[in-house]
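Please keep the sequence and the model at hand while reading.

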Amino acid sequence: MVQYHRLIIHHGRKEERFRVSVEEVGSLKKAKQKFLSFLFLTILSCCFIMSPYLFGFSTLSLLDSFSRENEALSSYEPVLAPVCLEVSNGTICCDRTGLRSDICVMKGDIRTDSASSSLFLFTSTNNTTNPQKIKPYTRKWETSVMDTVQELNLITKHSNKSSDRVCDVYHDVPAVFFSTGGYTGNVYHEFNDGIIPLFITSQHYNKKVVFVIVEYHDWWEMKYGDIVSQLSDYPLVDFSGDSRTHCFKEATVGLRIHDELTVNSTLMSHGNKTIVDFRNVLDRAYTHRIQSLVQEETKTTLDVKKPKLVILSRNGSRAILNEDLLVKLAEETGFSVEVLRPNKRTEMAKIYRSMNTSDVMIGVHGAAMTHFLFLKPKSVFIQIVPLGTDWAAETYYGEPAKKLGLKYIGYKIMPQESSLYGEYGKDDPVIRDPDSLNDKGWEYTKKIYLQGQNVKLDLRRFRETLARSYGFSIRRRVREEVPRLFVS
């Protein structure tokens, strides 16, 4: 289950707290009017200029799901050049300005000591700096989960050849240290907090980099090994499980993250990469395996001439209770339909193949919506939005999907389409005012709207959404086919 937390960030936004009505100002003398206008603009300008300092990471509020605040909300980092791009040999530079993560860069004679959770930087001078501590995980503001993440010590030491740790493994390429702890185990967090930030942080090395994993899991490597192999030519290193001393000339500790499930090209220090470039990595990662899957199959039952629609089916909460009727309606509309029921053991390549060959994806809001990343740009993504999940659905999946170039449709259900309607009645705040329940805290949101709700679609209402998606898919196919006809 995705942990919903709003990150309150103030950057480059003018607060509308200093308002002077026209009527009040009109009653003043002309000289006083000019003075007040000047004073107003001065105060407002100071607030604008000082906002990065007044509202830095020390004032962030980690709020329960969907809590409503009077201040402005922005989920992105300011567009600033990353710190620690140029680091002198024999030094450690830590960038702690990020709202979501810390990054430290070390250069020189770097040696690992897993027993003490330390990285030592040996220098020939006595000018050692104070030790740095860092938790290499990308939810810096969320204290509850960060408390569970292993901390690393970055220590500068004067080199003494007789007592220095001997290098058991010497690497001639840089290292990136990161944690697969925290919320790892949830597909949304695995991509948002780990895989995409790993791409952002390492892509400029052109695969000439070693990944050192803190809190390593065998299953994680098995699940994401295909993607990792497109980012590094070298085997993964299990920091805690490998007691040998690994030596590097350069190391980045921690990962950079931009926003929910996306890559912001303006924040990339090397090249103008976007989320589409990340998706191209996925294409390369799964191509070989998909070719094998095709050869293993005897025959497909889908009509390839029709637009393909994939329904991501859920078991338990937020299930589509009339899914069988939805399938029938989609087929009547003109789609070839595949119902996909992924679980934690489902091979990622198989999911990728299903999504990558589809024209439309339908699913109820939840972590599995992360698989929209597997859709080709210009495909249609229909997210069914249950009661009480509007903000999360748009923030975590709707907006990122648009950035990937998808045709996004958020289908917000009516109260009568929720199983909660029959349980609570139309006049209960659970139905009438979901915001008031969400404002009470995460536990209310989780229990009522995420764990306690299923969906029964009004198919007469949903028919229009299917028809629009079908028309869009047909037009897209025509546009793609016309150039091919001229070429042939």
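This is a predicted model: local features need pLDDT of at least 70, side-chain atom pairs count only at pLDDT 80 or more; totals for chains, interfaces and linings use all residues.

**The chain as a whole**

- Of the 488 residues in the chain, 49% are buried.

**Aromatic pairs**

- Searching the whole structure gives 20 aromatic pairs, one of which is formed by Tyr 188 and Tyr 397 in an edge-to-face arrangement, at 5.8 Å centre to centre and with 75 degrees between the planes.
- Since Tyr 188 belongs to helix α4 (residues 187-202) and Tyr 397 to helix α9 (residues 390-403), the pair ties together parts that lie 209 residues apart in sequence, and both Tyr 188 and Tyr 397 are buried.
- Phe 191 pairs with Phe 278, also edge-to-face, with 6.5 Å from centre to centre and 85 degrees between the planes; this pair links distant parts of the chain, as Phe 191 is in helix α4 and Phe 278 is in helix α6, 87 residues apart.
- Phe 278 counts as buried because its relative accessibility is 1%, which is under the 20% cut-off for a buried residue.
- Ring pairs join a cluster made up of Phe 178, Phe 191, Phe 199, Phe 211, Trp 220, Tyr 224, Phe 278, Tyr 286, Tyr 352 and Phe 374.

**Helix α6 and its neighbours**

- Helix α6 (residues 275-296) and helix α8 (residues 348-356) have axes that come within 9 Å and cross at roughly 100 degrees, so α6 and α8 are roughly perpendicular to each other.
- On the α6 side this contact is made by Arg 279, Leu 282, Asp 283, Tyr 286, Arg 289, Ile 290, Leu 293 and Val 294, and on the α8 side by Met 348, Ala 349, Lys 350, Tyr 352, Arg 353 and Asn 356; sorted by class, the contact has 8 nonpolar, 1 polar and 5 charged residues.
- The axes of helix α5 (residues 218-228) and α6 come within 8 Å and cross at roughly 110 degrees, and α5 and α6 are therefore roughly perpendicular to each other.
- Here Lys 223, Asp 226 and Ile 227 of α5 meet Val 281, Leu 282, Ala 285 and Tyr 286 of α6, a contact with 5 nonpolar, no polar and 2 charged residues.

**Charged groups over rings**

- Arg 111 places its charged end over the ring of Phe 122, at 5.0 Å from the centre of that ring.
- Lys 157 lies over the face of Phe 120, with a distance of 5.1 Å from the ring centre.

- Val 304 is found in the loop between α6 and β13 (308-312), and Val 304 counts as exposed because its relative accessible area is 66%.
- Although Val 304 and Thr 357 are 53 residues apart along the chain, their C-alpha atoms are separated by 9.7 Å.

Terms used:
Residues are numbered from 1 along each chain as its sequence is written. Side-chain values use heavy atoms; hydrogens and water are left out. Axes are lines fitted to C-alpha atoms, for helices over the stretch in contact, and angles run from 0 to 180 degrees between N-to-C directions. Helices (H or I, at least four residues) and strands (E, at least two) are DSSP runs, numbered from the N terminus. Angles under 35 degrees count as roughly parallel, over 145 as roughly antiparallel, 65 to 115 as roughly perpendicular and the rest as oblique. Contact means heavy atoms within 4.5 Å. Ala, Val, Leu, Ile, Met, Phe, Trp, Tyr, Cys and Pro count as nonpolar, Asp, Glu, Lys and Arg as charged, and the others, Gly among them, as polar. Rings of Phe, Tyr and Trp (its six-membered ring) pair if their centres lie within 6.5 Å; planes under 30 degrees apart count as stacked, over 60 as edge-to-face and the rest as tilted. Buried means under 20% relative accessible area, exposed over 50%, partly exposed in between (1.4 Å probe, protein chains only). A charge sits over a ring if NZ of Lys or CZ of Arg is within 6 Å of the ring centre and within 35 degrees of the ring normal.
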